[in-house]
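Reader: Hi! I'm new to reading structures, could we go through this one together?
Author: Happy to, just ask whatever comes to mind.

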Amino acid sequence: MTTTGVDLPDDAVDADDWFEVPDELHYYYSYSYGGVSRFFREIVDNQRLTVTRCELCDRGYCPPRRDCPRCWERTTWQPHPGTGTVVAPVYCYWTQINSPVRRYVQPPFVYALVRLDGMTNALHTLIHTDDLRVNRTVRVGTRVEVRFREQRRGTLADVYFVPVEQP
Amino acid sequence: MRRVAVVGVGQLPFRSRYPADRFDELAMMAAKRALADAGLVAGDVTSAVYSVYSELLIRQGTPDVMIHDYLGLNGRPGQRVTAGAASGGYAVKTAWADVASGFSDVVLCLGVQKALDVDDPETGQRADAALEAESMTLDTTWHLPFSQQPWALLLTAHMDKFGGPTEEQIARVAVKNRANAVRNPNAHLRRPVTVEEVLDSRLTNWPTTMFESCLYGEAASAVVLVAEELVRPEQRPVWITGVGTCHHNSTDEMSADDAGRVWPLYGASRQAYRMAGVTDPRTELDVVELNDLVAGLELMSYAELGLCAPGEGGALIDEGFTAFDGPLPVNPSGGRIGAGHIAGVSGIYSTGEIVQQLRGEAGERQVPIRAGRGLACMVGGAGLGLGAAIVLERDGR
Ligand SMILES: [Zn+2]
């Protein structure tokens, strides 16, 4: 027997008597940022960027981590001037019609992985630039600097970056 | 460890929507086909592994409980696996382990997912609504609301680091896979496209265009795995000789050394090759199915699978190495871009496709089988951080 999927099975004949019911699902959350709460509190209250560093291996983390993944040691907090380098940019020309990013920008826009100076890991963030459609000037190696939104509520989108010089 | 064979394949076509079928009903259709193909009945199944990626998309938690009950398998061991677009591969690995370990003799490994039940009454854009629900499986603290396309970060980093592939080379992947899909009756998109059409289609995330991106759909797919002592020749067994999985967030560090690489696929394939004794995949594989979620990802995947050096993927498509009539056809089914995609099902589908190819039962899309060995692999998840690889062999060892 070789019925391996070439024809529709007999029981997959399209029925036209199906009934569809509208439904919806809503949840509300108030969740703690736990050991990285300080990162968001400093952004919201003081427009300051803070990162963590492992004193054992000297690795810096932004996104901050309370625990170093290499040493499993507790990290310590440090202020950061908010300067960094684009590791990978995405030139986004399309996103879902109901995407939450549309609360902040409409396509086309640039988001990127940015490594803050001295950090081991990299931050997913928006890059504000007005020449995306023509030049795509934000590139790997572009130097960027943090900016804080007027309205901050304690999410990753409270900050964005702007290019300060080209590589 | 016991040797493990795939003896049954059951597939439903990828479609944008199966409005007349619930997820458990789709599961029944795929299971029936797979067991019929194996010459087995439901009573022969000693355990089941379900690849169901997302609960939000079907408005149902623990869907495996409902499927198991619906299939009449209550009382037998069951397990659900979910691992993004790599779910199917992780499920096959789990099913393999169940048989290899002696835990189970006959495993039904079944992937099912509906997606377009998600709706947006204001816009009527079901696909957009489904993608939005899917984005909840990304890192909701550190990726959202931006990074809904983690592969896009890898692709631009890869192009910067290695100087390629070019936009035209990327487009050629879509052209190849859409042409392959024309030969596949189960494919979602069966109209061929030209390089010009692909490049002229709407930009989604530069350099990726709409025609270079997979569609989201619905489907169900199943394979039946059995222990060697139960295999009958008329089942045309295909042996699982290597499995690998690898969790590795590819967008976390991106140091100069590791930027632009699809590490989960590298890790998973190396593990599977090691187990199967594959040392030169370019000559020891006859056929590969991989997750071309976007066309650029297929080119990056070539290197991770050891088919070329990192950055050389574009050259491989240019020389026709992975073409349908090339030395090592990749995605003869049409892959995700042509055959179709829905996380949870795709990996089981790809495994079934390789089984059909190695059996010589792939019909119009049959590729030459020389070494008697094929690879099904998958990648997906937040930060493109999940990879799985399954080496399948006609003759086993
Ligand atoms: Zn450390």
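Reader: Leaving aside its neighbours within four places in sequence, which residues is B:Glu353 in contact with?
Author: B:Glu353 touches B:Gln11, B:Glu289, B:Pro332, B:Ser333 and B:Arg365, once neighbours within four places in sequence are left aside. Contact here means heavy atoms within 4.5 Å. Before we go on, this is a predicted model: local features need pLDDT of at least 70, side-chain atom pairs count only at pLDDT 80 or more, and totals for chains, interfaces and linings use all residues. Residues are numbered from 1 along each chain as its sequence is written, chains are lettered from A and ligands numbered from 1 in the order in which they are written, and side-chain values use heavy atoms, with hydrogens and water left out.

Reader: Thanks! Is B:Glu353 buried or exposed?
Author: B:Glu353 counts as buried because its relative accessibility is 0%. Buried means under 20% relative accessible area, exposed means over 50%, and partly exposed is in between, using a 1.4 Å probe and protein chains only.

Reader: And where in chain B is B:Glu353?
Author: B:Glu353 sits in helix α13 of chain B. Helices (H or I, at least four residues) and strands (E, at least two) are DSSP runs, numbered from the N terminus.

Reader: At what angle do α13 and α3 of chain B pack?
Author: Helix α3 (residues 87-100) and helix α13 (residues 346-359) of chain B pack at about 65°, and their axes are 5 Å apart. The axes are lines fitted to C-alpha atoms, for helices over the stretch in contact, and angles run from 0 to 180 degrees between N-to-C directions.

Reader: Which residues meet there?
Author: From α3(B) there are B:Gly88, B:Gly89, B:Ala91 and B:Val92, and they meet B:Gly347, B:Ile348 and B:Thr351 of α13(B). By class, that contact has three nonpolar, four polar and no charged residues. Ala, Val, Leu, Ile, Met, Phe, Trp, Tyr, Cys and Pro count as nonpolar, Asp, Glu, Lys and Arg as charged, and the others, Gly among them, as polar.

Reader: Switching topic: what coordinates the zinc ion?
Author: The SG atoms of A:Cys54, A:Cys57, A:Cys68 and A:Cys71 do, at 2.2 to 2.3 Å. Donors are N, O and S atoms within 2.8 Å of the metal (3.2 Å for Na, K and Ca), and water is not among the atoms, so sites may look incomplete. Along the chain, the donors follow the spacing C-x2-C-x10-C-x2-C.

Reader: Why is the arrangement of the four donor atoms around the zinc ion tetrahedral?
Author: It is tetrahedral because the four donor atoms subtend angles of 105 to 114°. Four donors count as tetrahedral if all angles lie between 85 and 135 degrees.

Reader: Is A:Cys68 buried or exposed?
Author: A:Cys68 is buried, at 1% relative accessibility, while A:Cys71 is partly exposed, with a relative accessible area of 24%.

Reader: What is the mean pLDDT of chain A?
Author: The mean for chain A is 89, and 87% of its residues reach 70 or more. pLDDT is the predictor's confidence in each residue, from 0 to 100. Over residues 1-6 of chain A, pLDDT stays under 50. Where pLDDT is low, the predicted coordinates should not be read in detail.

Reader: Good to know. How many helices and strands are in chain A?
Author: Chain A has one helix and eight strands, and from the N terminus on they run α-β-β-β-β-β-β-β-β. Of the 167 residues in chain A, 45% are buried.

Reader: Back to chain B: how many residues of α10 are buried?
Author: In helix α10 (residues 295-304) of chain B, 10 of its 10 residues are buried. What covers them includes α5 (150-162), α6 (167-181) and β10 (373-380) of chain B. Just after α10(B), B:Gly306 takes a positive phi of about 85°.

Reader: Which residue has a positive phi of about 60° although it is not a glycine?
Author: That one is B:Asn331. B:Asn331 is in the loop between α11 and α12 of chain B, and B:Asn331 is buried, with a relative accessible area of 0%.

Reader: Last one: which peptide bond is cis with omega near 5°?
Author: The bond from B:Trp206 to B:Pro207. B:Pro207 lies in the loop between β5 and β6 (208-209) of chain B.

Notes. Tetrahedral: all angles 85-135°; square planar, octahedral: opposite > 155°, others 65-115°.
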